[in-house]
Number of protein chains: 2
Amino acid sequence: MSGAAGYWRLTIPHANVSVMEQAAENTAVPKKDPYGLRPGEVAVELPTHFDASLYYIGRIHTPWTRREDCPKNARESEAVCTVELDPRWADGLKGLETVSHVLLLYWMDKARRDLVLQAPRHYGEQRGTFALRSPVRPNPIAVSVARLLQVRGSELSVVGLDCLDGTPLLDLKPYFASTDSVPEASVGWHGATKR
Amino acid sequence: MSGAAGYWRLTIPHANVSVMEQAAENTAVPKKDPYGLRPGEVAVELPTHFDASLYYIGRIHTPWTRREDCPKNARESEAVCTVELDPRWADGLKGLETVSHVLLLYWMDKARRDLVLQAPRHYGEQRGTFALRSPVRPNPIAVSVARLLQVRGSELSVVGLDCLDGTPLLDLKPYFASTDSVPEASVGWHGATKR
């Protein structure tokens with residue numbers, strides 16, 4: 001684990017972007033401190049190149065337009081959300097109407113990507129990015145399970161999301177209990193604390 | 001749904017790549033037919049630009065080097081697989097050792113991305129890409145649940161994967177039964193057929 005030395009390992013990921021522009025791009029970074037690191041947070045230098053690329057295949061519409069309004073746990077909300085698929089991909093929904101639950105993959109486009117250690121306010125302890133479900137990660141892809149209510153043309157109605165309105169969609173998959181459900185799974189560090 | 005007309009909607013996604021090169025890139029496409037479509041499969045024109053980009057953060061090592069050797073269902077195999085994280089991200093594992101199961105996101109880099117309707121050989125019926133877990137999809141990101149055995153430096157030992165040796169890793173997340181496990185979920189079309 002890196003200690004105080006690692007704390008300053010951050011450099012500018014893209015040489016053609018100024019520090020402040022980079023900070024603006026990554027949002028949620030207070031303007032006064034372009035690094036925006038809290039105590040216990042450690043950033044690394046991002047790789048110099050990308051390895052693969054994504055298409056946004058649609059948008060997710062939810063009732064929440066500010067991060068602080070989003071439910072803390074997706075299962076806490078019964079809000080009906082709409083997944084609007086790009087019409088190009090509409091035929092890809094054939095057969096999905098027979099499915100009770102879907103896996104949604106979406107892109108958390110507001111999150112910075114360079115933190116390896118994080119100190120979320122509600123936990124108050126330093127943990128690795130891969131031990132957390134924080135949007136801040138090298139590839140900010142979220143995975144959510146949602147209950148499917150209806151498929152109408154290229155639109156889906158679902159329950160069980162907690163993301164911001166307008167979030168870009170990357171993929172939809174049928175949820176198979178046989179391989180995706182592990183009721184006995186545990187997260188030791190989580191213990192009695194709330195996710 | 002597109003019928004026979006849609007069958008020929010395929011065009012060349014990248015103008016600077018010849019049809020045959022494109023076919024080679026997408027592999028699993030027989031050389032004799034650059035489109036490589038089976039009856040019941042429908043391709044669409046891919047968008048002209050990408051929207052976001054990914055870093056490979058490591059590689060997954062499995063015993064399987066040919067697609068036909070991979071287990072059909074990840075839970076059928078007790079093979080121990082190794083996740084080798086790029087050392088840049090090693091600190092991000094802090095706390096993950098307390099987790100029983102992880103979600104692994106990986107990039108199925110051998111899959112073509114333009115099919116909306118597919119006719120997998122073992123099912124013999126036409127279904128939409130988003131009703132299937134096929135690697136062929138606009139963003140070929142797989143989501144797998146694996147049992148975590150050990151974390152050693154920047155390496156993890158896990159059980160429950162079915163991908164090819166060398167598959168690029170995109171993300172690791174702790175699996176939370178409270179939000180990720182839905183034992184009662186069903187896939188209607190799947191019924192008595194095997195996944």
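Me: How many salt bridges does the rule find across the interface of chain A and chain B?
Reply: A salt bridge is a side-chain nitrogen of Lys or Arg within 4 Å of a carboxyl oxygen of Asp or Glu. Across this interface the rule finds four. In one salt bridge, the side chains of B:Arg133 and A:Asp180 meet at 2.9 Å, N to O. The model is predicted: local features need pLDDT of at least 70 and side-chain atom pairs pLDDT 80 or more, while totals for chains, interfaces and linings use all residues. Residues are numbered from 1 along each chain as its sequence is written, chains are lettered from A and ligands numbered from 1 in the order written, and side-chain values use heavy atoms, without hydrogens and water.

Me: What area do chain A and chain B bury between them?
Reply: The size of an interface is often given as the accessible area lost when the parts come together. Here that buried area (1.4 Å probe, summed over both parts) is about 7,600 Å², with 58% of it on carbon and sulfur atoms. In contact (heavy atoms within 4.5 Å) are 75 residues of chain A and 75 residues of chain B.

Me: Which strand of chain B is joined to β2(A)?
Reply: Strands of a sheet pair through backbone hydrogen bonds, either parallel or antiparallel. Strands are DSSP runs (E, at least two residues), numbered from the N terminus, and two of them pair if DSSP finds at least two bridges between them. β2(A) is joined by three bridges to strand β2 (residues 52–54) of chain B, running antiparallel. There A:Ser53 has B:Ser53 as its bridge partner.

Technical notes. Buried area is the accessible area (1.4 Å probe) that two parts lose on being put together, summed over both. Helices (H or I, at least four residues) and strands (E, at least two) are DSSP runs, numbered from the N terminus.
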